[in-house]
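Please open the structure in your viewer and get ready to select a few residues.

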Amino acid sequence: MAMEVTQVLLNAQANDGAVRKHAEESIMQFQEQNLLSFLLSLSSELANEEKPIESRRLAGLVLKNALDAKEQQRKFELVQRWLSLDNAAKAQIKASLLQTLTSNVHEARSTASQVIAKVAGIEMPHNQWPELVNSLLGNIHQLPAHVKQATLETLGYLCEEVSSDVVDQDQVNKILTAVVQGMNSTETNNEVRLAATRALYNALGFAQANFTNDMERDYIMRVVCEATLSPEVKIRQAAFECLVSISSTYYEKLAMYMQDIFNITAKAVREDEEPVALQAIEFWSSICDEEIDILEDYGGDFSGDSDIPCFYFIKKALPALIPMLLETLLKQEEGQDQDEGAWNLAMAGGTCLGLVARTVGDEIVPLVMPFIEENITKPDWRQREAATYAFGSILEGPAPDKLISIVNMALNFMLSALTTDPNNHVKDTTAWTLGRIFEFLHGSTTDTPIITSANCMQIITVLLQSMKDEPNVAEKACGALYFLAQGFEDVDSLSSPLTPFFQEIVKSLLMVTHREDATESRLRTAAYETLNEVVRCSTDDTAPLVVQLVPVIMNELHQTLEATRLSSDEKERQAEFQGLLCGCLQVIIQKLGASETTKHPFMQFADQMMGLFLRVFACRSATVHEEAMLAIGALAYSTGPDFAKYMPEFYRYLEMGLQNFEEYQVCTITVGVVGDICRALEDKILPFCDGIMTQLLKNLSSNQLHRSVKPPIFSCFGDIALAIGEHFEKYLAYAMPMLKSAAEVSAHASGSDDEIIEYTNLLRNGILEAFSGIFQGFKSSPKTPLLLPYAPTILQFLDSLYLVKDMDDVVMKTAIGVLGDLADTLGGNASSLIQQSVSSKDFLNECLSSDDHLIKESAEWAKLAISRAVSG
């Protein structure tokens with residue numbers, strides 16, 4: 001296609017919408033008609049020094065987007081497309097990209113760096129472009145500093161894109177040598193030094209072998225620490241970012257460097273510019289995260305041969321670390337309490353202080369209390385706010401008995417400050433701290449209650465009054481009330497200390513949702529979340545008041561559905577509001593539907609409510625659809641078989657939800673609602689099963705659907721089979737092969753990646769729940785023999801899960817349950833198969849001796865079912 005590439009790329013950035021649209025269409029058309037020529041033209045445009053920077057930049061961006069996408073399936077397609085292209089043409093494109101690294105124009109070099117890394121990310125795992133690293137390293141010694149800078153930037157992006165296992169150790173050593181030399185204080189060009197420091201950040205994951213070598217590690221650490229003292233602020237910031245990454249990746253190698261690191265972080269926190277100081281604090285937060293994880297994993301019980309011993313860096317640094325963090329609390333910014341995205345030294349210091357409290361527990365209290373006592377009543381608002389923030393930050397970690405007496409003394413003072421302090425920021429932090437007190441020190445876990453009949457009324461009065469304050473303070477007051485209600489969740493179901501105030505609390509929260517400024521500081525969302533929690537934790541004596549709330553919330557939802565002629569901003573806010581109202585109704589349905597006494601008065605609203613939910617589906621918002629689906633699921637569960645009357649009208653929305661691949665969360669929730677409806681309707685779901693099963697099978701066959709939806713779909717097969725029993729016969733021929741192939745994949749999909757292991761276990765559990773539902777559905781049916789041909793496959797799956805040894809407790813419980821279901825349903829017909837399987841012996845014995853009582857319970861039932869099957 002003959003086209004002037006430069007002009008089209010410039011037109012695609014024109015202010016005139018029509019010109020821009022025409023250019024975008026031309027680019028799309030060129031790509032579809034001749035991809036190879038299209039990619040060659042883009043790489044040539046990017047490399048051409050005579051072309052305008054605007055067209056070169058866009059050429060690089062379009063080229064990058066032709067190689068990568070956020071959506072996994074699309075990314076996979078683009079990778080396959082590139083791999084299938086002509087090798088000679090690809091070599092030409094890669095040569096143009098490498099040539100662009102020598103460009104005098106920074107933006108062209110930087111874009112080329114990113115594209116080279118994307119190509120490497122595709123080719124290197126397939127053993128292609130093996131010469132890339134050496135050809136890049138050849139540039140490092142070239143004279144023009146900008147070529148060196150671009151090469152180091154490319155190496156950094158390369159380490160970000162490529163997995164460490166596809167680069168051999170010799171090349172890793174060369175990359176690290178080049179990068180660390182570029183960071184050295186002898187490097188006079190700041191751009192080169194910055195690119196090298198940023199490249200090291202991405203290369204650290206490749207350096208395992210180098211960090212086990214004392215000399216190499218010492219050299220890397222020395223260069224990083226020197227870079228934190230560079231005169232250039234961006235280099236100092238990037239160097240501290242490297243230290244943060246090292247603290248989590250190589251925690252166990254840090255002991256001999258900690259004193260030096262403390263000195264440089266303390267100097268940065270006290271004297272350096274904010275971006276640098278924030279990273280210096282982040283280093284200590286990262287060490288806390290590591291030690292919290294270790295202490296949780298090992299339960300504080302370390303033997304000499306522990307894999308990752310805890311070095312107690314935080315505990316050792318406490319005497320110097322706490323004063324440094326407390327100083328930062330006094331460095332607040334005016335108005336930070338109003339800015340939702342604010343992040344500054346004071347907030348970072350407070351966050352780190354909270355992590356330190358979780359790491360060391362009781363020891364932090366005597367170190368922080370003098371600062372609180374000294375500053376809490378000072379005339380300067382900064383000192384009062386810092387003292388309050390310090391107090392709120394140390395409430396999680398120390399044992400409650402170390403804090404209760406202090407809290408009891410401070411409570412009155414804080415309630416008074418919340419209503420009388422002249423400073424908004426102090427009130428904001430006070431309300432947040434009260435929320436933390438109620439979250440961590442109020443409830444069934446504490447021996448000494450901090451909320452008593454003597455102070456309950458005062459606390460509620462103050463919180464309700466603060467809900468009329470500025471939006472940021474009112475939002476925190478809602479949060480405090482949320483945790484106050486949650487703390488009474490376990491009280492005797494007949495009455496709660498909140499009961500006398502229930503009506504007033506609900507009224508106040510509804511008033512907050514109607515404030516003109518309710519969209520600021522998440523205020524409306526916070527008010528509904530709190531209302532939901534107050535309802536969820538309410539007791540039987542307030543049930544009539546919860547019933548009265550139903551028409552109020554329904555009316556609110558009705559009003560939003562009637563609103564017309566809204567701007568796009570108003571539509572977005574309206575959708576958010578509808579989502580909150582559907583969520584509120586869901587909580588009310590679950591609360592009132594939980595017992596027969598409260599269910600009856602509430603059922604009079606079911607028809608109206610269902611009508612409103614169906615109207616909500618006309619709105620084009622995924623969030624609202626999710627919330628409405630969840631509410632309908634709750635309604636189905638509460639109404640039981642009576643839900644059948646809504647199915648003819650609701651079914652099309654159910655089908656739409658199952659087809660919603662784009663907004664896959666909606667699809668997942670809809671699959672869950674199918675399960676709710678199956679449990680409610682049982683065999684009354686039968687007329688709709690053909691449509692539902694067809695769509696679910698289609699979903700499983702699709703490459704477009706997000707993988708997270710697949711485990712719930714398998715689980716849903718079990719729900720359907722359980723509901724319709726032997727009528728599931730017609731779906732066996734379609735469902736069972738799907739389950740078999742998924743079982744084969746999931747039995748062997750082991751990997752070191754936590755995310756993959758977690759997903760694999762979700763998939764296994766979904767498959768097992770399907771098998772369980774199918775066996776239970778067919779039990780006592782004359783059609784039970786239809787399942788016999790599938791028994792060997794299922795037993796083989798159970799055996800392989802046991803032998804692979806990487807299933808979690810949930811999968812173990814479901815798996816041993818399936819063994820029991822198989823024996824219980826198939827009985828003597830399967831006895832020889834069962835006796836031949838590993839599962840019926842070793843796996844069963846392992847589960848019988850499990851510490852987890854749920855696994856043990858399932859195993860005992862399986863043992864009984866097996867012995868009946870074998871003896872029968």
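Here is a tour of this predicted model, with something to select at each stop.

**Stop 1: a stacked pair.** The structure holds 19 aromatic pairs. Begin by selecting phenylalanine 311 and phenylalanine 313, whose rings are stacked, with 5.4 Å from centre to centre and 10° between the planes. Are these two residues buried or exposed, with "buried" meaning under 20% relative accessible area? Phenylalanine 313 has 7% relative accessibility, so it counts as buried. Phenylalanine 311 has 23%, and therefore counts as partly exposed.

**Stop 2: an edge-to-face pair.** Now select phenylalanine 771 and phenylalanine 797. This aromatic pair is edge-to-face: the centres are 6.5 Å apart and the planes make an angle of 70°. Colour the helices too, and you will find phenylalanine 771 in helix α37 (residues 754-778) and phenylalanine 797 in helix α38 (residues 791-804). The pair therefore ties together parts that are 26 residues apart in sequence. Phenylalanine 771 is buried, at 3% relative accessibility, and phenylalanine 797 is buried at 3% as well.

**Stop 3: a cluster of rings.** Select Phe617, Phe643, Tyr646, Phe650 and Tyr653 together; ring pairs link them into a cluster.

**Stop 4: charges over rings.** Which residue lies over the face of tyrosine 759? Show arginine 707, and you will see it there, at 4.3 Å from the ring centre. Then move to tyrosine 802, where lysine 805 lies over the face at 3.6 Å from the ring centre.

**Stop 5: the largest nonpolar core.** This core has 306 residues. Those with the most contacts inside it are Val356, Phe438, Phe650, Phe717, Ile720 and Phe728, and Phe650 is also part of the ring cluster from stop 3. Highlight helix α16 (residues 274-298) next: with 12 residues, it gives the most to this core.

Zoom in on isoleucine 720. Setting aside neighbours within four places in sequence, isoleucine 720 is in contact with Val674, Cys678, Cys689, Ile692, Met693, Leu696 and Phe728.

**Stop 6: helix α30.** Finish by selecting residues 606-616, which make up helix α30. Its buried residues are Ala606, Met609, Met610, Leu612, Phe613, Leu614 and Val616. What do they pack against? Show α27 (543-562), α28 (568-593), α29 (596-603), α31 (622-639) and α32 (647-658), and you have the helices that the buried residues of α30 pack against.

Methods
Residues numbered from 1 in each chain as written. Predicted model: local features only at pLDDT ≥ 70, side-chain atom pairs only at ≥ 80, totals over all residues. Heavy atoms only, no water. Phe/Tyr/Trp six-rings, centres within 6.5 Å; stacked < 30°, edge-to-face > 60°. Buried < 20%, exposed > 50% of the residue type's maximum accessible area, 1.4 Å probe, protein only. Helix = DSSP H or I, 4+ residues; strand = E, 2+ residues; numbered from the N terminus. Lys NZ or Arg CZ within 6 Å of the ring centre and 35° of its normal. Core = buried A, V, L, I, M, F, W, Y, C linked by side-chain atoms within 4.5 Å. Contact = heavy atoms within 4.5 Å.
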